[in-house]
Amino acid sequence: MFDVEKIRADFPILSRQVNGKPLVYLDNGASAQKPQVVIDAITQAYAQEYSNVHRGLHYLSNLATEKYESVRGVIARFLGAAQDDDIVLNTGSTMGINTVAYGWAMPNLQAGDEIILSVMEHHANIVPWHFLRERQGVVIKWVDIDETGHLDPQAVIDAIGPKTKLIAVTHMSNVLGSRVDVTSICAAARERGVAVLVDGSQAAVHGPVNVRDIGCDFYAITGHKLYGPSGSGAIYIHPDRQAEMIPFVGGGDMIKEVHKDTVIYNDAPMMFEAGTPGIVQTIGLGVALEYMMQIGMENIAAHENSLRDYTVEKLRGLNFVTVQGTTADKGAIFSFTLDGAGHAHDISTILDKRGVAVRAGQHCAGPLLDHLGLTATCRASMGMYNTKSDIDTFIDALHLAHELLG
Amino acid sequence: MATQNFEDIVDDFEFMDDWEDRYRYVIEMGKAMDPLDDAFRVDANKVHGCASQVWLQTYTDAGVFRFDGDSDALIVRGLIAVLRALYNDVPVDQVADVDAPAELARLGLNDHLSSQRSNGVRAMVERIRSVAAQA
């Protein structure tokens with residue numbers, strides 16, 4: 001039984017005020033708030049269970065290692081991975097995608113090879129591929145969305161040519177909320193020997209994910225959007241792709257032996273986890289994912305879909321708002337502009353005075369904003385703890401913004 | 001005591017109880033301000049550290065400081081208008097004496113001056129002070 005009030009009570013920050021008003025937090029696409037169990041886990045880890053991992057033989061080191069390593073299994077379960085070792089722990093999707101760019105794409109792609117991107121990718125899934133374009137002559141092919149924000153999987157498949165080596169695509173747009181049929185893309189790509197990286201930064205927050213059902217090669221997630229600590233995250237890497245990779249970041253923990261003239265790397269996934277990791281952050285992420293799974297990803301999705309439908313209905317009544325992204329099955333992410341006067345920053349400033357936190361700007365999606373012909377939008381993005389009352393406050397604040405700015 | 005233009009704003013603000021009226025006033029000031037000529041919307045006049053685009057064109061005339069400005073955000077335009085009331089026609093050698101945080105606090109607008117805020121009021125004030133110091 002999904003009880004949003006019970007969930008809200010788990011998040012201490014939701015009971016605070018902002019600018020004298022109860023906080024209405026609608027900036028979940030940027031980062032989500034943390035439940036008390038995660039905050040407690042962080043405190044507990046530092047207060048009672050802290051040491052470096054994978055190194056010492058002493059009690060605390062073993063304890064911290066056990067706690068830290070157990071998260072690999074939690075993430076594997078969360079993503080439906082076949083085995084724990086398919087999970088590389090890191091600081092988030094940016095690190096995950098860079099690991100693929102440096103560790104897999106750079107050694108395996110030649111000048112003239114192609115990477116296919118959708119026009120609605122986040123900069124984290126664009127800039128690492130620009131590195132390959134700049135440094136080794138890899139060609140980036142862009143696939144457009146339609147006017148509703150839908151990415152036709154067939155358009156991605158049709159873009160595959162003899163030189164295509166990788167498709168890097170989001171599972172859910174951080175600006176439009178559009179969901180992408182990555183399963184169809186992966187099936188067609190596999191037949192043609194093309195690898196697929198799915199950016200799950202948003203999608204994994206809002207519903208169940210199963211990487212084996214999707215059939216992807218890489219699936220990146222970010223802990224701080226998953227109600228976990230900042231600086232935590234992971235990427236799923238199919239074992240066949242792990243075997244094709246070279247290490248990206250060098251340092252301790254990713255090696256078996258180091259000598260003056262030779263170095264023997266650790267096995268994957270440790271090979272991709274150099275240096276002391278975010279131990280406590282990762283432990284916190286494990287607790288956050290357990291918390292989500294206990295509530296149930298299907299339940300979270302159903303709740304957020306009802307919030308989405310409610311918001312669509314409410315926004316439809318405002319003739320001064322233009323929403324970007326209108327697919328029926330989108331996530332509860334609403335980018336919008338006010339017709340006439342009013343910059344996105346004006347709108348967010350006024351909403352903030354009403355206690356409503358939204359994001360304003362480009363949302364790290366420059367090519368998409370160019371495609372839409374916009375310089376900035378406001379974005380309201382919902383999470384499992386948002387309510388219809390939050391949406392009502394948001395809509396009221398939009399009326400005020402329109403009145404003040406119009 | 002700041003400039004008469006600024007004191008007039010302070011007087012008006014005294015009759016406003018809530019932030020909505022104050023924002024409405026600031027926004028109206030921004031709307032009433034003449035747009036900056038396109039010739040002055042150049043990189044050299046751009047103030048960085050603002051989330052929206054901001055341009056300031058400064059002048060010194062007979063020992064008096066003046067500036068015009070513009071932004072693509074309405075609230076920021078209004079804040080530029082407030083800053084013009086605060087700084088325009090101040091003798092150049094007295095610009096450094098203007099305590100912008102304290103003056104804006106009289107309007108309840110000082111929260112716009114924090115360095116973490118991306119509206120750029122702080123960056124604008126720094127630009128004004130540095131131009132005046134070099135004049």
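1. Charge in chain B. Chain B carries 13 positive and 25 negative side chains, and the centres of these two sets are 5 Å apart. Lys and Arg count as positive and Asp and Glu as negative, while His and the chain ends are not counted. Each charge is placed at NZ of Lys, CZ of Arg, CG of Asp or CD of Glu.

2. Basis of the note. This is a predicted model, in which local features need pLDDT of at least 70 and side-chain atom pairs count only at pLDDT 80 or more, whereas totals for chains, interfaces and linings use all residues. Residues are numbered from 1 along each chain as its sequence is written, chains are lettered from A and ligands numbered from 1 in the order in which they are written, and side-chain values use heavy atoms, with hydrogens and water left out.

3. Fold of chain B. Chain B has 5 helices and 3 strands, arranged from the N terminus as α-α-β-β-α-β-α-α. Helices (H or I, at least four residues) and strands (E, at least two) are DSSP runs, numbered from the N terminus.

4. Dimensions of chain B. The radius of gyration of chain B is 14 Å, which agrees with the value near 14 Å for a compact globule of 135 residues. This radius is taken over C-alpha atoms, and the globule rule is 2.2 Å times the number of residues to the power 0.38. The C-alpha trace of chain B spans about 40 × 30 × 30 Å along its principal axes.

5. Burial and contacts in chain B. Of the 135 residues of chain B, 47% are buried; buried means under 20% relative accessible area (1.4 Å probe, protein chains only). Among contacts in chain B between residues at least 6 apart in sequence, 55% join residues at least 24 apart, a contact being heavy atoms within 4.5 Å.

6. Interface. The contact involves 14 residues from chain A and 15 residues from chain B. About 1,300 Å² is buried between chain A and chain B, with carbon and sulfur atoms giving 60%. A:Asp346, A:Lys353 and A:Leu404 supply 41% of the area that chain A buries against chain B, more than any other three residues. Buried area is the accessible area (1.4 Å probe) that two parts lose on being put together, summed over both.

7. Overall form of chain A. Chain A contains 15 helices and 17 strands. Its radius of gyration is 22 Å, close to the 22 Å that the globule rule gives for 406 residues, so chain A is as compact as a globular protein of that length. The C-alpha atoms of chain A fill a box of roughly 70 × 55 × 35 Å along the principal axes.

8. Interior and charge of chain A. Of the 406 residues of chain A, 57% count as buried. Residues 24 or more positions apart account for 72% of the contacts in chain A with a separation of 6 or more. The mean positions of the 31 positive and 46 negative charges of chain A lie 3 Å apart.

9. Helix H7 of chain A. In H7 (residues 182-191), the buried residues are A:Val182, A:Ile185, A:Cys186, A:Ala188 and A:Ala189. They pack against helix H6 (153-158), strand S7 (164-170), strand S8 (195-199) and helix H9 (211-214) of chain A. A:Gly193, with a positive phi near 70°, follows H7(A).

10. A:Glu114. This residue is found in strand S5 (residues 114-118) of chain A. A:Glu114 is buried, with a relative accessible area of 15%. Leaving aside residues up to four places away in sequence, A:Glu114 touches A:Val139, A:Lys141, A:Ala159, A:Gly161, A:Lys163, A:Thr164, A:Lys165 and A:Leu166.

How values were computed: Buried < 20%, exposed > 50% of the residue type's maximum accessible area, 1.4 Å probe, protein only.
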